[in-house]
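Hi there,

Here is the structure I promised to pass on. Could you open it alongside this email and follow along?

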Amino acid sequence: MGGARGRGAEADADVRARCGGDSHSEASLAPGDARSRAAGPPRDPEGGRDREARAPAQVREFRRADEPSHRPMLASPRRSASTPASWTSASLHGGEGRRGVRALAGPFLLGIDMGTGGARAGVFDTAGHVMGTAATQLRTDFPKPGRAEQDPEEWWSCIVRSVRGAVERSGVAPGDIAGISVDATAATVVAMDSRGRHLRPALLWMDVRSSSEADRIAATGDSALKYSGMGPVSAEWGVPKALWLKHREPEIWDAAAIVCDCTDWMIHRLTGEWAMSINHAACKYFYDGDAGGWPVSLYEKAGIEDLLDKVPSRMAPMGEVVGGLAPLVADELGLEAGTPVAEGGVDAYAGAIGLGVVEPGKMALITGSSHVMIGQSPTPLYGRGIWGSYTDAIVPGEYTVEGGQISTGSVVAWFKNNLAPIAQRLAADRGCDPYRILDEEAAEIPIGSEGLVCLDHFQGNRTPYSDSRSRGLFWGLSLSHTEGHMFRAILEGICFGTESIFQNMRAHGFPPREVVVSGGPAKSRLWMQMHADVSDLPMVFTDVTEGPLLGSAMLAGVGAGLFPDLPAAAAAMVHTVDVIQPDHEAHQAYQYNYQAYLDTYPVMQGLMDKMTRHLNRS
């Protein structure tokens with residue numbers, strides 16, 4: 001949902017911009033079901049004592065004396081093709097609408113995005129205008145290669161600071177916030193005891209320590225594996241991580257009353273209620289509403305059936321109100337108790353919602369440290385190398401198709417930080433961002449990088465191969481190649497990886513007509529033109545770059561009853577401002593190197609697998 005976001009590269013890429021959530025289908029377990037159990041009261045944020053002040057609150061109904069008045073839509077200037085690319089993050093803003101017009105007529109909506117690099121919060125009006133945002137950075141620990149962990153208590157402190165900052169910058173009165181929703185990385189797995197205390201650091205989405213467990217799950221051959229593309233199971237997903245906990249840390253597993261994802265943890269922290277987002281359950285735990293819900297046979301074959309006794313028993317679709325904001329939490333956040341909190345989902349899926357990808361034909365490309373592609377289909381489709389299609393994951397009655405690349409913006413950041421001394425020096429001399437220099441260098445290099453090919457599997461491959469042991473590489477290097485050649489080869493390799501995913505989707509009956517883009521890399525005109533040319537598809541841009549925040553705000557609007565459904569919210573809150581059309585001649589020019597990219601993985605797969613297994617033994 002979200003990439004391979006290593007410490008230095010990850011922080012850099014995420015600060016520049018991450019985007020990138022999941023979804024629905026209503027299904028509650030009967031009270032007598034073995035999976036129905038009462039969770040203990042939530043943990044007191046200050047120390048672990050249980051406090052009744054955090055008991056679930058009554059949901060507050062938003063009322064106002066007059067009807068909301070929205071400021072008119074303002075024309076958004078199109079970006080010029082000559083505009084220099086800059087991938088630096090926009091500074092935090094607030095108190096202003098999208099084009100600098102202040103408007104305080106409510107109601108307003110609050111979105112909270114718990115990303116890899118930190119927490120972001122945003123206040124929006126019901127026309128999608130940004131009133132104020134704030135972000136707080138978060139530390140990620142990498143105890144061993146392939147492992148990544150975060151402290152849930154740090155999540156909470158980041159959320160508090162970001163929400164308070166966003167509301168303050170917006171100038172909006174807390175009582176005018178009609179609803180709240182959230183999104184988070186997935187599968188970021190948390191083990192909690194019966195009193196709501198986490199038992200160990202959370203296993204972050206990018207943690208791939210459970211490769212062996214993923215292989216064991218894939219070996220079951222269960223029909224539920226259609227969700228993983230009829231092939232290998234990603235070690236990023238929630239079920240392999242849960243199986244790793246059970247096998248490698250049995251004392252933690254036995255003590256865990258709740259095993260959940262980050263979004264579920266956030267909803268519980270906000271409301272005191274336990275629920276699991278169907279979006280997370282479908283996309284990372286093989287939950288299928290069309291097949292009766294939980295894949296019991298898969299879990300039994302894999303030896304993880306007791307996970308069903310640990311996940312929250314209530315299943316909630318995105319946008320459904322789980323509860324009201326608990327009183328003590330409202331005090332911490334500076335909000336009103338009882339404000340409706342709607343179920344959220346995976347950050348990438350919230351990003352797709354924020355881009356208006358809630359109907360068939362469109363494809364969301366959510367960029368940042370990683371790339372995630374998400375689209376809607378009216379009918380189910382399955383195939384090797386495609387994740388999904390997930391039942392009711394975003395829009396009830398539709399099916400969500402997903403693809404993704406683990407390492408994209410993180411590779412760009414890695415190169416800039418470690419292998420671009422000329423760009424760093426020139427940027428210091430000119431007082432600009434090194435990415436601008438690198439773009440200028442790459443723009444001077446012809447299509448194909450003069451024979452240099454980059455495989456973008458720096459942290460493995462998500463789709464179409466689902467190979468956590470694959471790794472990145474350059475080939476075709478010569479003494480004539482420069483920093484600019486290498487940088488262009490990285491961008492081309494990422495675009496080739498994206499196109500390989502689109503090509504596989506087309507082969508299985510899902511042809512995207514247009515691609516709606518968000519995230520930090522979208523600020524590079526050069527990179528986005530490459531994407532358009534390589535895939536021969538238009539790249540569409542909306543006027544809110546905070547896709548997951550806007551998507552979560554839209555879910556809050558549905559939960560608060562301001563919109564009947566997500567398509568209605570998208571019609572009101574998502575607005576196109578720019579389109580980059582493909583150059584068909586350039587598309588043809590890329591074909592030779594694209595085929596060379598496709599040929600690289602099959603040739604190198606065996607060697608990379610051996611090396612990664614060797615390193616994992618140490």
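Below are my notes on a loop, a helix packing and a few backbone details.

First, the ground rules. This is a predicted model, in which local features need pLDDT of at least 70 and side-chain atom pairs count only at pLDDT 80 or more, while totals for chains, interfaces and linings use all residues. Residues are numbered from 1 along each chain as its sequence is written, and side-chain values use heavy atoms, with hydrogens and water left out.

**The loop between strands 18 and 19**

Asn461 sits in the loop between strand 18 (453-455) and strand 19 (473-475); helices (H or I, at least four residues) and strands (E, at least two) are DSSP runs, numbered from the N terminus. Asn461 counts as buried because its relative accessibility is 7%, where buried means under 20% relative accessible area, exposed over 50% and partly exposed in between (1.4 Å probe, protein chains only). A polar atom of the Asn461 side chain lies 2.8 Å from the backbone nitrogen of Tyr465. Leaving aside residues up to four places away in sequence, Asn461 touches Ile406, Ser466, Asp467, Ser468 and Ser470 (contact means heavy atoms within 4.5 Å).

The backbone of this loop deserves a look too. The peptide bond from Thr463 to Pro464 is cis, with omega near 10 degrees, and Pro464 belongs to this loop. Ser466, also placed there, has a positive phi of about 50 degrees although it is not a glycine. At a relative accessible area of 9%, Ser466 is buried.

**Aromatic pairs**

Rings of Phe, Tyr and Trp (its six-membered ring) pair if their centres lie within 6.5 Å; planes under 30 degrees apart count as stacked, over 60 as edge-to-face and the rest as tilted. By this rule there are 12 aromatic pairs. One of them is Tyr465 with Tyr601, stacked at 4.0 Å centre to centre with 20 degrees between the planes. Tyr465 is in the loop between strand 18 and strand 19 and Tyr601 in helix 19, so the pair ties together parts 136 residues apart in sequence. Tyr465 is partly exposed at 28% relative accessibility, whereas Tyr601 is buried at 11%.

Phe496 and Tyr594 form a tilted pair, 5.7 Å centre to centre and 50 degrees between the planes. This pair links Phe496 in helix 14 with Tyr594 in helix 19, 98 residues apart. Phe496 is buried, at 3% relative accessible area, and Tyr594 is buried at 6%. Ring pairs also join Phe496, Tyr590, Tyr594 and Tyr597 into a cluster.

**Helix 14 against helix 19**

How do these two helices pack? Helix 14 (residues 483-507) and helix 19 (residues 591-617) pack at an angle of about 80 degrees, with their axes 10 Å apart. Axes are lines fitted to C-alpha atoms, for helices over the stretch in contact, and angles run from 0 to 180 degrees between N-to-C directions. Helix 14 is therefore roughly perpendicular to helix 19 (65 to 115 degrees by the rule used here). Residues making the contact include Gly493, Phe496 and Gly497 of helix 14 and Tyr594 and Tyr597 of helix 19.

**Elsewhere**

Helix 15 (residues 525-535) is mostly covered, with 9 of its 11 residues buried. Among them are Trp527, Met528 and His531. Just after helix 15, Asp536 takes a positive phi of about 55 degrees. Another cis peptide bond runs from Ala186 to Ala187, with omega near -5 degrees.

Best wishes

Notes. A polar contact is a pair of N or O atoms within 3.5 Å; within protein, one must be able to donate a hydrogen and the other to accept it, and residues adjacent in sequence count only if both atoms are side-chain atoms. Angles under 35 degrees count as roughly parallel, over 145 as roughly antiparallel, 65 to 115 as roughly perpendicular and the rest as oblique.
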